[in-house]
Amino acid sequence: MEDHYFIYLSFNNQAEGWRLPVNPESIEISEEGQGKTYNIVGKGGGTEETRAGEINVIQSPRLKTVSFSSFFPSKSHNYPFIVQGIPELTPNTPNYRYLSDGIHDPMKYVKDIRKWMETKHPIRFMYIVRRGREDGKLDNASDRDLNFPASIEKFEWKEVAGSPGDIEYTLSLKEYVFYSARNVQPVVNAKGETVLVQQQSARPNEGVMPETHTFQDGDSLTKISTKYYGDSARAREIQELNGISDSEVEGIENGTVLKLPPK
């Protein structure tokens, strides 16, 4: 059966986003290692044999990059190749219906991408492949799917002279990895030894970071730090930024607007 391709860009935990109305003819995806090579002086023979010459030290892979070109069609052009249909499921987000099944004005796509770039916050790139079935529906999983946060590295666009209203574009993305400090706590193991254990960080939050937080019932600086930064390590920074003394920490009133430090 025929494969169906869908590409989605979304922003702020999928609060905004859309499907590309025209699939690119090709997508360039780069996945590279970053091994380093060294020349060493070896000692040959016997039990101490060591290879002399160039060696390769394997390190963590580089971030993926994705590049493609296509165009945003004018609504006045009823092109037959505009992507139709919506896959209901993805491997990572079951029962999630996608953000938009309609075609927007070409300048909306341009304005959204430019706005997302200006926020200096990652978007989410989703490349979904679905195999058509005999019953007319689409399969729900594929080992070719891509789904990851990314920064917009390059965006170029222009109006098409021969097709008034259409906008051609080229988009380059780079995989983004969320990172934050983690708490380390001493733990006594089975041998009675004290070891340091790194605490697991909270699930990365793709939402745009607000500048303030309004204090509510049940709040504390520790909980606020965990909510916005993934752990409690920045509670002290929030306290100092807002000029709250140690004696005032437990008496923050509901409705107090607290400034939040940037991530």
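Reader: Are tryptophan 18 and tyrosine 109 buried or exposed?

Author: This is a predicted model, and the answer rests on the relative accessible area, for which buried means under 20%. Tryptophan 18 has a relative accessibility of 0%, so it falls under that cut-off. Taken together, tryptophan 18 and tyrosine 109 are both buried.

Reader: How many residues apart in sequence are the parts that the pair of tryptophan 18 and tyrosine 109 ties together?

Author: The rings of tryptophan 18 and tyrosine 109 form an edge-to-face aromatic pair, with 4.8 Å from centre to centre and 85° between the planes. Because tryptophan 18 belongs to strand β2 whereas tyrosine 109 belongs to helix α1 (residues 106-119), the pair ties together parts whose separation in sequence is 91 residues.

Reader: Which strand holds phenylalanine 72, the residue that pairs with tryptophan 18?

Author: Tryptophan 18 and phenylalanine 72 also form an edge-to-face aromatic pair, at 6.2 Å centre to centre and with 80° between the planes. The pair links distant parts of the chain, 54 residues apart, with tryptophan 18 in strand β2 (residues 16-19) and phenylalanine 72 in strand β6 (residues 65-72). Phenylalanine 72 is buried, at a relative accessible area of 1%. The strand asked for is β6.

Reader: Over which ring does the charged end of lysine 64 sit?

Author: Ring pairs join a cluster whose members include Trp18, Phe72, Tyr109 and Phe148. The charged end of lysine 64 is 4.9 Å from the centre of the ring over which it sits, and that ring belongs to phenylalanine 148.

Reader: Why do the buried residues of helix α2 lie on the same side of α2, and which residues are exposed on the other side?

Author: The buried residues of helix α2 (residues 221-229) are Leu221, Ile224, Ser225, Tyr228 and Tyr229. They cover an arc of only 100° around the axis, and therefore they lie on the same side of α2. The elements that cover these buried residues include β12 (212-214), α3 (235-241) and β13 (257-259). On the other side of α2, the exposed residues are Lys223 and Lys227.

Reader: What share of the residues of the protein chain counts as buried?

Author: The secondary structure of the protein chain consists of three helices and 13 strands. Among its contacts with a separation of 6 or more, 63% come from residues 24 or more positions apart. Of the 263 residues of the protein chain, the share that counts as buried is 32%.

Technical notes:
Residues are numbered from 1 along each chain as its sequence is written. This is a predicted model: local features need pLDDT of at least 70, side-chain atom pairs count only at pLDDT 80 or more; totals for chains, interfaces and linings use all residues. Side-chain values use heavy atoms; hydrogens and water are left out. Helices (H or I, at least four residues) and strands (E, at least two) are DSSP runs, numbered from the N terminus. Buried means under 20% relative accessible area, exposed over 50%, partly exposed in between (1.4 Å probe, protein chains only). Contact means heavy atoms within 4.5 Å. Rings of Phe, Tyr and Trp (its six-membered ring) pair if their centres lie within 6.5 Å; planes under 30 degrees apart count as stacked, over 60 as edge-to-face and the rest as tilted. A charge sits over a ring if NZ of Lys or CZ of Arg is within 6 Å of the ring centre and within 35 degrees of the ring normal. The arc is that of the directions from the helix axis to the C-beta atoms.
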